[in-house]
Amino acid sequence: MVKLFDSGVFYVNGEIIQDNTEGIRQLKAMGASTDKTEVSKKTIAYSIMQAHNTLGNTEQLKIKFDAMASHDITYVGIIQTARALGLEKFPIPYVLTNCHNSLCAVGGTINEDDHMFGLSAAKKYGGIYVPAHLAVIHQYMREMMSGCGKMILGSDSHTRYGALGTMAIGEGGGELAKQLLCKTYDVNRPEVIGIYLTGKPDPAVGPQDIALAIIGAVFKNGYVKNKVMEFIGDGIANLSAEYRNSIDVMTTETTCLSSIWVTDDKVKDWYDIHNRPEDFKVLEPENGAYYDGLVYVDMSKVKPMIAMPFHPSNVYTIDELNENLLDILDIVEKNGAKQIDNPGINFKLKDKVKNGRLMVEQGVIAGCAGGTYDNIVDAADILSGKTIGNQDFTLSVYPSSQPVFMSLVENGSIFKLMEAGATVRSAFCGPCFGAGDVPPNNGLSIRHSTRNFPNREGSKPGNGQIASVALMDARSIAATAVNHGVLTAATDIDVNFSKPKYFFNKSVYDNRVYTGFGKADSSVDLKFGSNITDWPEMSALPENLLLKVVSYITDPVTTTDELIPSGETSSYRSNPLGLAEFTLSRKDPAYVGRTKEVQKAEKARNTEGQCPREALPEISEIFDTIKACKEFKDIHFREDVGIGTTIYAVKPGDGSAREQAASCQKVIGGWANIAKEYATKRYRSNLINWGMLPFLFEGETPFENSDYIFVPNVREAISENKKDIPAYVVKNGKLNPFTLNMAELTEDERKIILAGCLINYYKE
């Protein structure tokens, strides 16, 4: 089904040739080049990245994008950052969508206040404003902004339009603010992994099934981490453009940097349907292209899949699950309990087995992954003339945009769904992050959406609440609905898929979207709601740091949703200090109190007439221990030592691109993270852009929660780009030395950390 190659490959005349002794002999016999340095430049990804690289250096790229996108959880902070640094107008098309905070159900007026800020910013700076319920961010960008050979940057991790020939990258808001200031996105040229698709999927196997099969094969081993996935192979011709879009958006869950696909007549037809024929061109690798690895996917062998709680990589075939139900559920329960790490929660799934079958309480088809036209049409065909019943099981369907919704109404698909008992909603991303259709406590929901983390879909393990989400394709969700909640693979249902043609109706966008790129009006006043506040001032990196460990997380992976929960916190996304009150609230509820206690000492250090020792009495002993060391006896703590906090996590940052995962730590006293590795480039970049040190430490840590770590001469170490940084655990009157590590930093990244944050750096 899915095979990973243990070497790079050459792609010659449509044939895969491995980078080994036999492969090199074969290439030489064919007269093909074996110079990997040169033929690695023949990939689609290389050509697009170099076309957007602003400098001649082909290894250390400085990229400028063609367009950008943000939604209403991120755009206020981005614009506020750029505005503080003198923003006058948006230099490239910048789309502000309103698909995350659009329910406006919590927090009084503050959600809609953000929308009014967004509209006024689009008018003032020349942006594109998409009102709430018209489209989820990625569907609008597909429909209106994608283009073969383009690059798009988005402040949402699922910024992926590779199937339409567009290299798209999801990053934290700091990277978007840089683009608004006409700066560049700096990245070392990433490796490119070929994703070879062959075969034709069963009609009942959907794009989520293909995507989950790939995620299951590559996530845990990091095969494509921070690399570009380039989709090639004869099987692509068997997939519609929308089918490809739904696979492509899930590449984010592999932790890759971006994705790109070959383009063909089906993509050309897609652009024709969307009245943008000029944005199509054929993309394909040059003959002889070299890939740094290859994922071989025989789609004819992929069966309906399910990603069990609590990660998209926790995959099984539905048949495998049903055949080994209690055994697999027992494994999922044990692993889930470790992830939740709360003895007050009795996480269980085996109680949902009735008469030997797994019963599900809820189904959701939504967002950029599930809400596409093809997915909903096929689900409607499965449900046509049937009923989901009037018991526990519910089904909600969210078309990804109003144009998609309109076409589904016109061809009768919406009627089929509603007649069967499904509820149909407007375009909204809430089900993906916990702001809509939250499952009941101890409930099991199956979703064609993007993630199923334990802290994501609205549950709060820290408060004793847990809901389980499993990811499935829309077709198998519909099949389960036909059986009133009995988990069912779509291949077990008899259905004739009607495949009605899609008609794109742009009128709703013409009538409602504010399109102001190139029409900035400086006379427009920004509309500020009571909850929209500026970033607090942040200090430059001091000469030395004293860090208290205030959270120690040993989970294999820590998601951004655990670092800063999604869901009801969305209402506070425009208030840095207000949002920071929720930091780690579902994973470590005591974190905020601990770090704010330490922050009192740093505030006292920077306030004339106040004493850090009085603000935080416990540091007196720490100071005395450091001063007792001959090497540090002359250190002046008020002038030379910054006082802050750090968290330790094994592998933090999987998931969302939201920079708040880092900024919330910073504004309440955080100065660093310590990790074995960082789950994604974007989380590490977020730390750097907020002036936080992304330390690495391999092996058993010499410190525990609540310990103090002294990092002398840290400013000098960053200035000189040192990889090994001496540090000390200050405990029981002793300084216990150890070494922190720092992976490569670019020159700009070093300067940002030294300045204290991106805002300070650009002010300087």
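Is Asn355 buried or exposed?

Reply: Asn355 is exposed, with a relative accessibility of 82%; buried means under 20% relative accessible area, exposed over 50%, and partly exposed in between, with a 1.4 Å probe and protein chains only. The model is predicted, so local features need pLDDT of at least 70 and side-chain atom pairs count only at pLDDT 80 or more, while totals for chains, interfaces and linings use all residues. Residues are numbered from 1 along each chain as its sequence is written, and side-chain values use heavy atoms, with hydrogens and water left out.

Asn355 sits in the loop between strand S18 (353-354) and strand S19 (357-358). Helices (H or I, at least four residues) and strands (E, at least two) are DSSP runs, numbered from the N terminus. Asn355 is not a glycine, yet its phi is positive, at about 55 degrees.

A positive phi is also found in Asn713, near 55 degrees and again in a residue other than glycine. Asn713 belongs to the loop between strand S32 (708-711) and helix H28 (714-719). Asn713 counts as partly exposed, because its relative accessibility is 40%.

Another backbone feature is the cis peptide bond that joins Pro309 and Phe310, with omega about 10 degrees. Phe310 is placed in the loop between strand S16 (305-307) and strand S17 (315-317).

Gln391 and His484 are 93 residues apart along the chain, and their C-alpha atoms are separated by 7.7 Å.

Other loop residues are buried. Asp156 lies in the loop between strand S8 (151-154) and strand S9 (167-170), and its relative accessibility of 11% is why Asp156 counts as buried. Leaving aside neighbours within four places in sequence, Asp156 is in contact with His71, His100, Ile137, His138, Gly170, Glu171 and Ala657; contact means heavy atoms within 4.5 Å. From Asp156 to Ala657 the distance is 5.2 Å, C-alpha to C-alpha, although 501 residues separate the two in sequence.

Two of the contacts of Asp156, His71 and Ile137, are also contacts of Thr97, along with Ser70, Asp72, Tyr75 and Val130, neighbours within four places in sequence being left aside. Thr97 is part of strand S6 (residues 94-97) and is buried, with a relative accessible area of 0%.

Helix H9 (residues 241-249) is mostly covered, with 9 of its 9 residues buried. Among them are the charged residues Glu242, Arg244 and Asp248. Thr251 is in the loop between H9 and strand S13 (258-261). Thr251 is buried too, at a relative accessible area of 3%, and touches Arg160, Met229, Phe231, Cys256 and Ser259, not counting residues up to four places away in sequence.

The largest nonpolar core holds 169 residues, of which Tyr94 and Tyr140 touch the most other members. Such a core is a set of buried Ala, Val, Leu, Ile, Met, Phe, Trp, Tyr and Cys residues joined through side-chain atoms within 4.5 Å. Not counting residues up to four places away in sequence, the residues that Tyr94 touches include Met68, Ala69, Ile78, Ile79, Ile128, Leu176 and Leu180. Apart from this core lies another, of 33 residues, among them Leu547, Ile688, Val714 and Leu745.

As for the whole chain, there are 30 helices and 34 strands. The chain is as compact as a globular protein of its length, because its radius of gyration is 26 Å, close to the 27 Å that the globule rule gives for 764 residues. The radius is taken over C-alpha atoms, and the rule is 2.2 Å times the number of residues to the power 0.38. Along the principal axes, the C-alpha atoms fill a box of roughly 80 × 65 × 60 Å.

Buried residues make up 63% of the 764. Among contacts between residues at least 6 apart in sequence, 76% join residues at least 24 apart.
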